[in-house]
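Hi,

Here is the structure I promised to pass on. Have a look at it first, and my notes follow below.

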Amino acid sequence: MLLIKNGRVVDPKSNTDKVLDILVSDGKIIKIAENIEEKEVQVIDATGLVVAPGLVDVHVHFREPGQTHKEDIHTGALAAAAGGVTSVVMMANTNPTISTVETLKEVLGSAAKENINIHTVATITKDFDGETITDFDGLLANGAVAFSDDGIPLTNAGVLRDAMKLAKKHDVLLSLHEEDPNLNGVLGLNENIAKKHFHICGATGVAEYSMVARDVMIAYETGAKVHIQHLSKAESVKVVEFAQSLGANVTAEAAPQHFSRTEDLLLTKGANAKMNPPLRLESDRLAVIEGLKSGVISVIATDHAPHHADEKNVADVTKAPSGMTGLETSLSLGLTYLVHAGHLTLPQFLEKMTYKPAELYGLDAGYLVENGPADLVIFDMEADREVSDHFASKASNSPFIGDKLKGQVKYTICKGEIVYQD
């Protein structure tokens, strides 16, 4: 048994925010109360620390199978635990893609060996061909929690509409990456800095918000549950807000990088600050924060995208792959740029990293209750932290290395066991 004493217990689902003790046994929370006394237990003194549900990250890339030089499910799980994350949803852009029951079973078999909760989506179209819808029945029956062609936008509106009708029939979520390739230049570099400093056409805002507009209106027409990934433009937030006002079953997420920094980071951090969608303007960053404050954006997810150092360390930044590691910095970025900056309260911030993403994907996670899962994170929200280049992930392609942030994970507990300790 494990007894967590004197922590500030913050559970957004139950609106709990007070100093309490939590007793854990056999993977469950046995008791939440003041002044619990129990003999022969392991005690964690959480005085001055926050005790919250384990974080839930519904957008990660663990690169297995086929790209394990970047990351694998085991090292991804270690990175999650180090970041206070106890449940993840993996994207399906592996090699082969998670388009068949065979590959899905292989991935979930590897995931089951880890000490955090690992779920996965399957692809909407077979091998991301954009045309052939996968076997939703078979993939759902074998453990897929949602469907996404993340990384490859669905340009064929008719195929997307058919997929939405199928998703509506199965009451399952579609999660969409919105960047119209026909309106984009070089990905990963915002159009402004691409033109000014690199003298090329970069990733345009209209490529994102026009595709968001198309897809949320198809979602409105079909009634499907549709989730818009990593909003980065002010206009995208407005479009989602409009669709929600019509009654469309549409949700949205923001990645910590997009509410933390702008395109200028490319000038100091180079390829590690190259990502899809790109870091945008300060006006966009503030608009994403306003979307989080209003509730238009209900989920924070990292888009954890590890790459090998050799892939990022190329002379021409336009040739480097897009993406950054995110699991081990997401809590600190949120505490720094949202909570300590005065935009969100701690419970409001945690809701978007625990209960809301879990609810969206139908996961039994993201909350603290007696007889519920013993998945918790214990952290010091006031601690000063300098991001080092030593990560539990295989990769270290983070543009935040060297930054001074607030917040430090002290313990991560999953299924009642300590899976990370600072």
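When I say that two residues meet, I mean contact, with heavy atoms within 4.5 Å. Also keep in mind that this is a predicted model.

Let's start with a helix pair. Helix α7 (residues 234-246) packs with helix α10 (residues 282-294), their axes 8 Å apart and at an angle of about 25°. Angles under 35 degrees count as roughly parallel, and α7 and α10 are therefore roughly parallel to each other. Which residues of α7 and α10 meet? On the α7 side they are Ala-234, Glu-235 and Val-237, and in α10 their partners are Ser-283, Asp-284, Ala-287, Val-288 and Gly-291. Sorted by class, this contact has four nonpolar, two polar and two charged residues.

Next, the sheet. It is open and made of four strands with parallel pairing, in the order β9-β10-β11-β12. At its edges are β9 (174-176) and β12 (299-300), each of which pairs on one side only. In general, strands of a sheet pair through backbone hydrogen bonds. Here, β9 is joined to β10 (residues 226-228) by three bridges, and Ser-175 stands opposite His-227 in β10. Helix α6 (residues 205-222) packs on this sheet and touches β9, β10 and β11 (250-254). The direction of α6 makes about 160° with that of β10.

Cheers

Notes
Residues are numbered from 1 along each chain as its sequence is written. This is a predicted model: local features need pLDDT of at least 70, side-chain atom pairs count only at pLDDT 80 or more; totals for chains, interfaces and linings use all residues. Side-chain values use heavy atoms; hydrogens and water are left out. Axes are lines fitted to C-alpha atoms, for helices over the stretch in contact, and angles run from 0 to 180 degrees between N-to-C directions. Helices (H or I, at least four residues) and strands (E, at least two) are DSSP runs, numbered from the N terminus. Angles under 35 degrees count as roughly parallel, over 145 as roughly antiparallel, 65 to 115 as roughly perpendicular and the rest as oblique. Ala, Val, Leu, Ile, Met, Phe, Trp, Tyr, Cys and Pro count as nonpolar, Asp, Glu, Lys and Arg as charged, and the others, Gly among them, as polar. Two strands pair if DSSP finds at least two bridges between them.
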